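Student: I would like to learn how to read the features of a protein model one at a time, with the general idea before the particular case.

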Amino acid sequence: MKLHIKNKIDLNGQVELVEQSYPVKLTEKNGHIYLAYTNEEEETVMLKCNEQELVMTRYSTPKSIMRFHRDNPALVAIPTPLGYQHLMTETETYAPDFEKQRILIDYKLKQPDTGALFAEYQMKISWE
């Protein structure tokens, strides 16, 4: 099985399109779908999703977790060389279609204390 990730990133008007594909292992358990793969940095990544949210855990050193919830903003901590950067995901669209094996997520990364926009994303995750 193959996982495909397309991510359109808008960083202050500079737009970048990132496309990635990885072999993936799919598991269904307790109402969630788990998609596990190894990224280009040889890190294990786990996507855990249901109808309400997707949690992306990258088992790096240190570990990073991104959360995309249909109705609520979520705090995230992204490791950088200068320590963790704390941001908030504000999910505008969370549209899972498990029958068609895809999830569409439009979200913004913002500074949690000021609400200042860091970047906007349009991501499509699919598997076949």
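This is a predicted model: local features need pLDDT of at least 70, side-chain atom pairs count only at pLDDT 80 or more; totals for chains, interfaces and linings use all residues.

Student: Let us begin with charged side chains; how many salt bridges does the structure hold?

Tutor: The idea is to look for a side-chain nitrogen of Lys or Arg within 4 Å of a carboxyl oxygen of Asp or Glu, and the structure holds 4 such salt bridges. One of them joins Glu53 and Arg67, whose closest N and O atoms are 3.1 Å apart. Since Glu53 belongs to strand S6 (residues 53-59) and Arg67 to strand S7 (residues 64-69), the pair ties together parts that are 14 residues apart in sequence. Arg67 is partly exposed, at 33% relative accessibility.

Student: Which residue forms a salt bridge with Lys110, and is Lys110 buried or exposed?

Tutor: The partner of Lys110 is Glu90, with 3.2 Å between the closest N and O atoms. As buried means under 20% relative accessible area, Lys110 counts as buried at 15%, whereas Glu90, at 25%, counts as partly exposed.
A further salt bridge is formed by Lys108 and Glu92, the closest N and O atoms being 3.1 Å apart. This pair, too, links distant parts of the chain, with Lys108 in strand S10 and Glu92 in strand S9, 16 residues apart. Lys108 counts as buried at 18% relative accessibility, while Glu92 counts as partly exposed at 48%.

Student: Turning to the largest pocket, how much space lies in it, and which residues lie nearest its centre?

Tutor: The largest pocket here holds about 740 Å³ of space. Its lining consists of 28 residues, and those nearest the centre are Asn7, Met56, Arg58, Met66 and Tyr107. Among the elements that give two or more residues to the lining are strand S1 (2-11), strand S2 (14-23), strand S8 (74-80) and strand S11 (117-127). By class, the lining residues divide into 19 nonpolar, 6 polar and 3 charged.

Student: What surrounds Cys49, setting aside its neighbours within four places in sequence?

Tutor: Cys49 lies in strand S5 (residues 44-49) and is buried, with a relative accessible area of 0%. Beyond its neighbours within four places in sequence, Cys49 is in contact with Gly31, His32, Ile33, Leu54, Tyr94, Phe98 and Ile103. The C-alpha atoms of Cys49 and His69, which are 20 residues apart along the chain, are separated by 9.8 Å.

Student: How many aromatic pairs does a search of the whole structure find?

Tutor: The search finds 3 aromatic pairs, and each can be read from the distance between ring centres and the angle between planes. Tyr22 and Tyr37 have ring centres 4.7 Å apart and planes at 20 degrees, so the pair is stacked. Tyr22 lies in strand S2 and Tyr37 in strand S4 (residues 32-38), so that this pair links distant parts of the chain, 15 residues apart. Tyr22 counts as buried at 7% relative accessibility, and Tyr37 counts as buried at 7% as well.
Tyr107 and Tyr121 also form a stacked pair, 4.5 Å centre to centre with 5 degrees between the planes. With Tyr107 in strand S10 and Tyr121 in strand S11, the pair ties together parts that are 14 residues apart in sequence. Both Tyr107 and Tyr121 are buried, and together with Phe68 they form one aromatic cluster.

Student: Which loop holds Glu42, and what is the phi of Glu42?

Tutor: Glu42 lies in the loop between S4 and S5 and has a positive phi, near 65 degrees; at 66% relative accessibility, Glu42 counts as exposed. Gln101, in the loop between S9 and S10, has a positive phi of about 60 degrees although it is not a glycine, and Gln101 is partly exposed, with a relative accessible area of 26%.

Conventions:
Residues are numbered from 1 along each chain as its sequence is written. Side-chain values use heavy atoms; hydrogens and water are left out. Helices (H or I, at least four residues) and strands (E, at least two) are DSSP runs, numbered from the N terminus. Buried means under 20% relative accessible area, exposed over 50%, partly exposed in between (1.4 Å probe, protein chains only). On a 1 Å grid over the protein atoms alone, a cavity is a set of points where a 1.4 Å probe fits but cannot get out, and a pocket is an open set with protein on both sides within 12 Å along at least five of seven lines; lining residues have an atom within 4 Å of a point. Grid points are joined across faces, edges and corners, and a volume is the space filled by probe spheres set on the points. Ala, Val, Leu, Ile, Met, Phe, Trp, Tyr, Cys and Pro count as nonpolar, Asp, Glu, Lys and Arg as charged, and the others, Gly among them, as polar. Contact means heavy atoms within 4.5 Å. Rings of Phe, Tyr and Trp (its six-membered ring) pair if their centres lie within 6.5 Å; planes under 30 degrees apart count as stacked, over 60 as edge-to-face and the rest as tilted.
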